[in-house]
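Hi,

Here is the structure I promised to pass on to you. Have a look at it first, and my notes follow below.

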Amino acid sequence: MVKQSDDTTGPDDTELLRLTLDLAPASIVVVDGEGRIVLVNRQSEALFGYDREELRGEPVEMLVPGRFLSGHAGHRAAFLASPESRPMGQGRDLYALRKDGTEVPVEIGLNPIDTPSGLMVVTSVFDLTERKRAEARFQAAVESSPSGVLMVDGDGVVDFTELSTGLTTLCGG
């Protein structure tokens, strides 16, 4: 539970913002127009393995795996040229880099905000590790099934990318 400050007016806006961000279930990283990290919450510390003071003022690219670095500054510049709230990297698998050098699969939401200090981007970062593990287990179960497994979407349309080995064998494929 969040404790209110001792004075009768309650927490100031800055303190309220900090508390709110720290209670958010997602990792939140606020980046300025130059690509420098301005603010992170507790979940960011847990996800990336850095203390918030280690991240503040650093380029956001420190959280981008090396194999994606060459294109990231260009993507960031393109977003800033036409800022609007949207998911980052739609249709692609995204990864973030932890302090220990490991990569983590993520989903990232980008939300530009105008501030007196200039344009900032509030990013929401979701760790997809458990979802990816569950998908891999499901895929392995489908592929190893000796019976036929056929995937059908909500409209009753067969998804031929999800045929099990057993069904492919039964169908002569």
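The lining of the largest pocket divides into 17 nonpolar, 6 polar and 5 charged residues. Please keep in mind that this is a predicted model. The pocket itself has a volume of about 630 Å³. Of the 28 residues that line it, Val64, His72, Met88, Ile108 and Leu110 are the closest to its centre. Two or more lining residues come from each of strand S1 (27-32), helix H4, and strands S4 (94-97), S5 (103-115) and S6 (118-127). H4 gives the largest share, 7 residues.

H4 covers residues 66-81, and at 1.5 Å a residue its 16 residues should span 22 Å; the end C-alpha atoms are 24 Å apart, so the two values agree. H4 also bends by about 40 degrees at His72, one of the residues closest to the centre of the largest pocket.

Lastly, a word on the rings. Searching the whole structure turns up 0 aromatic pairs. Tyr95 does have a charged neighbour, though: Arg67 lies over the face of its ring, at 5.0 Å from the ring centre.

Definitions and conventions. Residues numbered from 1 in each chain as written. Predicted model: local features only at pLDDT ≥ 70, side-chain atom pairs only at ≥ 80, totals over all residues. Heavy atoms only, no water. Helix = DSSP H or I, 4+ residues; strand = E, 2+ residues; numbered from the N terminus. Expected span 1.5 Å × (residues − 1). Bend = angle between axes of the 7 residues up to and from the residue. 1 Å grid on protein atoms, 1.4 Å probe; cavity = no way out; pocket = protein on both sides within 12 Å on 5 of 7 lines; lining within 4 Å. Points joined across faces, edges and corners; volume = space filled by probe spheres on them. Nonpolar A, V, L, I, M, F, W, Y, C, P; charged D, E, K, R; others polar. Phe/Tyr/Trp six-rings, centres within 6.5 Å; stacked < 30°, edge-to-face > 60°. Lys NZ or Arg CZ within 6 Å of the ring centre and 35° of its normal.
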